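Subject: Structure handover

Hello,

Here is the structure I promised to pass on. Please open it first, then read my notes below.

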Amino acid sequence: MFYPSQSPAISHKLANHPHHVNVQDQSPWSRNVNHTHTHHPQQSIGPPPPSPGYPLYTNGAVNPIQHHPHHPLSHPPLPHHQHQNSLSHYPSPPNGHNHPQHMGQASPGSVGSQIITPHWQQQLLKCEMIRSSRSSHHRARASAMASRTVIKSAIPITNPNLVKPSTSTNADITESSPNDLPGTPALSSTPALSASEVSPSVANAVVNHPSSTVGPIAEAPRPTAKAPQNTWSSLDMGGINIKTIPPSSGLFTFTFLTNLYLNHNALTSIPAGIAKLRHLELLDLSGNNLPTVPAELGMLTQLKELYLFDNHIVTLPPELGSLHQLQTIGVEGNPMDTSLKAIVQKDGTSALISYLRDSCPVPSPPPERLWKSLISPQEREALATDPATETLSALCYNILCEKYATERLYGYTPSWALNWDYRKELILTEIMNYDTDFLCLQEVDITQYEDYFVKHLQGQGYEGIYWPKSRYKTMSDADRRQVDGCATFYKADKFSLVERQLIEFSTLAMQRPDFKKTDDMFNRVLGKDHIAVICLLEAKETGTRIILANAHIHWNHAYRDVKLVQVALLVDEIEKIAANFARLPPKPDTPRAPVYSDGSKIPVIICGDFNSVPSSGVYEFLANGSVPPDHPDFMSHLYGRYTTDGLRHRLGLKSANATAGETPLTNYTPGYQGEIDYIWYSTANLAVNAVLGEVDRGYLEKVVGFPNAHFPSDHVCIISEFRVKPPRPPALLPTAS
């Protein structure tokens with residue numbers, strides 16, 4: 001089968017090449033090549049041939065033969081070789097058309113610029129590599145050849161798509177056969193690529209790249225969703241004369257793809273539907289006729305390599321600034337805007353992405369979140385006119401501590417929107433506008449609590465209770481003010497604080513006699529300093545008692561046993577506290593105050609960032625009241641009676657959003673979107689009137705993640721309104737006649 005040596009999209013660019021007749025098939029199948037090269041007298045140095053399909057810069061001295069590679073593997077670029085001698089004499093190659101702006105500007109490889117920065121040298125090396133892979137299905141065929149067993153091969157050939165060495169001799173690529181229809185893609189059967197396979201420089205850079213799941217601090221912010229699994233993850237559609245991709249193309253259903261090659265075709269546009277391929281790590285659009293790229297490319301936040309070489313692109317949409325993990329954006333061979341190209345030449349891809357991110361216009365705000373009522377308007381009106389009706393409302397919000405809001409963790413967020421001075425105003429405005437009875441905030445540091453929230457919320461009639469995480473005890477005065485914790489506020493004109501209690505999970509674990517002899521407790525539980533704050537409140541007018549808990553549970557899915565233990569310890573303490581609270585006599589100045597025969601009669605509200613999804617053991621325990629001792633989330637670790645008898649509680653809890661039939665996204669980042677924050681309530685003595693609805697889905701589809709200009713935290717606040725069920729009077733004993 002004959003594979004054309006150049007893309008149909010650049011055939012017009014090769015017509016005037018002085019050695020066009022000698023251009024050979026670049027296919028890996030061309031093994032027996034016997035060419036006679038005529039000696040060319042050395043000529044004065046001039047511009048390279050006008051075809052972007054030829055590698056212009058090679059290792060060592062430049063000669064006419066080297067402009068005609070006969071096999072793409074015959075002269076692989078040496079990543080550490082210095083090319084200043086061979087590169088510095090040539091201007092940026094034209095794109096087959098005369099662009100005055102492009103021809104006039106010089107790259108670092110031009111005579112006018114004698115110094116090639118490492119950033120631009122990498123750009124040119126990758127550009128050369130891409131230009132040598134213009135034949136149809138080049139990557140798929142090269143990978144298929146590399147995966148074959150070669151007996152007595154003098155030069156070992158490795159498969160660049162393999163995640164790790166494999167003993168299998170099966171081909172990793174489904175090759176294009178002669179019976180394939182034109183345009184049929186070659187599908188890779190390799191597993192998803194790790195970052196280190198995408199680029200030689202990626203292996204060490206991934207850890208240092210800004211990500212919502214990898215950070216410089218001990219506490220990564222949230223769980224991470226797993227990518228869809230499939231037997232192949234790369235798709236090579238390069239060099240097969242694709243002129244257009246319809247918006248309804250089935251290509252956009254392959255959401256499991258990590259590598260997509262659309263290079264050296266005849267494309268003039270890329271549909272916005274490409275934003276559905278959220279797991280792409282490499283996208284090659286080089287060698288087409290693209291005048292621009294869609295802004296929706298900015299949704300592909302997993303991208304590490306984006307090749308746009310040899311197109312007609314003048315500028316880049318600022319929405320690409322959200323590509324915070326991008327290692328390389330290939331722009332050489334385009335009539336690129338001088339200022340944008342200069343950023344790449346001098347400071348590299350990361351600098352360009354930062355520039356685009358911070359200069360991106362603020363998107364339109366989302367529609368206002370709507371309340372979802374669980375009672376009819378008639379019932380609500382009746383409750384409003386009933387003097388015996390008692391309602392209360394609670395807000396739960398992880399506000400994202402200033403210390404954790406770093407560019408390294410949230411590289412997709414504009415720096416101005418990540419700044420605490422900007423975010424704190426949005427946070428305060430939001431919670432004050434909702435005007436709930438209780439505020440349960442997580443990730444509030446001491447400075448924020450004392451200098452900002454207390455000062456402003458006291459003016460709105462709130463009183464506060466706060467404790468930082470346990471680590472503050474071991475720090476200096478300056479450092480401890482940056483330790484985050486849980487802050488609870490209540491309306492002081494409606495409720496009085498009876499008692500407050502700090503729950504330090506590691507301390508409670510140490511105090512349990514059945515935990516003391518387990519290695520898992522020392523190795524896993526004690527190292528986590530997460531806390532909960534419990535407030536015992538009493539309504540001033542009615543004497544109704546409320547137990548309000550505000551918790552922040554450990555984040556790491558690898559420690560889901562610790563999450564389960566922390567929540568079990570919390571519930572155990574709430575049951576003990578409730579029993580003691582019920583024994584307190586009512587205040588004499590509240591004659592209507594209910595009498596509580598036991599702790600189960602007191603309304604309980606538990607708010608918090610539980611870092612646990614609805615399918616977790618934590619959710620199962622809180623919602624069902626028990627989990628078995630061999631629950632998978634214990635991960636076969638030993639925790640005394642918890643793993644011999646199982647977990648049980650009698651609080652009768654339910655998630656307020658579950659009651660409303662909602663599963664809102666309470667955490668929204670590129671790496672995870674889901675529900676991990678909850679407001680739990682005791683169903684025996686509380687009922688849900690309404691919950692605050694979720695963020696508009698249409699808006700979410702157009703934003704990469706939070707925080708952003710409209711949402712100041714990676715979490716979304718949740719609110720529930722309850723009505724108190726009066727305690728049932730004890731059954732009357734029959735009187736003797």
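Predicted model: local features only at pLDDT ≥ 70, side-chain atom pairs only at ≥ 80, totals over all residues.

Helix 8 itself covers residues 338-347, and its buried residues are Leu 340, Lys 341, Ile 343, Val 344 and Gln 345.

Aromatic pairs

The count is 21 aromatic pairs. Take Phe 515 and Tyr 642: their ring centres are 5.3 Å apart and their planes stand at 85°, so this pair is edge-to-face. The two residues are 127 apart in the chain. Phe 515 is in the loop between helix 15 and helix 16, while Tyr 642 is in the loop between strand 17 and strand 18. Both Phe 515 and Tyr 642 are buried.

Next come Tyr 681 and Phe 722. Their centres are 5.3 Å apart, but the planes meet at 45°, so the pair is tilted. Tyr 681 belongs to strand 22 and Phe 722 to strand 24, so the pair ties together parts 41 residues apart in sequence. Tyr 681 has 4% relative accessibility and counts as buried. Phe 722 is buried too, at 0%.

Ring pairs also join Phe 610, Tyr 619, Tyr 678 and Trp 680 into a cluster.

Charges over rings

The charged end of Arg 500 sits over the ring of Trp 467, 5.5 Å from the ring centre. Likewise, the charged end of Lys 528 sits over the ring of Tyr 559, at 4.0 Å from its centre.

Salt bridges

How many salt bridges does the structure hold? The number is 26. In one of them, Glu 721 meets Arg 380 at 3.1 Å, N to O. Glu 721 lies in strand 24 and Arg 380 in helix 10, so this bridge ties together parts 341 residues apart in sequence. Glu 721 is partly exposed at 22% relative accessible area, and Arg 380 is partly exposed at 33%.

Asp 477 and Arg 480 form a salt bridge at 3.9 Å, N to O. Both lie in helix 14, 3 residues apart, about one turn of the helix. Asp 477 is exposed, with a relative accessible area of 57%. Arg 480 is partly exposed, at 26%.

Arg 524 and Asp 561 meet at 2.7 Å, N to O, in another salt bridge. Arg 524 is in helix 16 and Asp 561 in helix 17, so the pair ties together parts 37 residues apart in sequence. Both residues of this pair, Arg 524 and Asp 561, are buried.

Finally, look at Arg 357, Asp 358 and Glu 407, which a network of salt bridges links.

Best wishes

Notes:
Residues numbered from 1 in each chain as written. Heavy atoms only, no water. Buried < 20%, exposed > 50% of the residue type's maximum accessible area, 1.4 Å probe, protein only. Helix = DSSP H or I, 4+ residues; strand = E, 2+ residues; numbered from the N terminus. Phe/Tyr/Trp six-rings, centres within 6.5 Å; stacked < 30°, edge-to-face > 60°. Lys NZ or Arg CZ within 6 Å of the ring centre and 35° of its normal. Salt bridge = Lys/Arg side-chain N within 4 Å of Asp/Glu carboxyl O.
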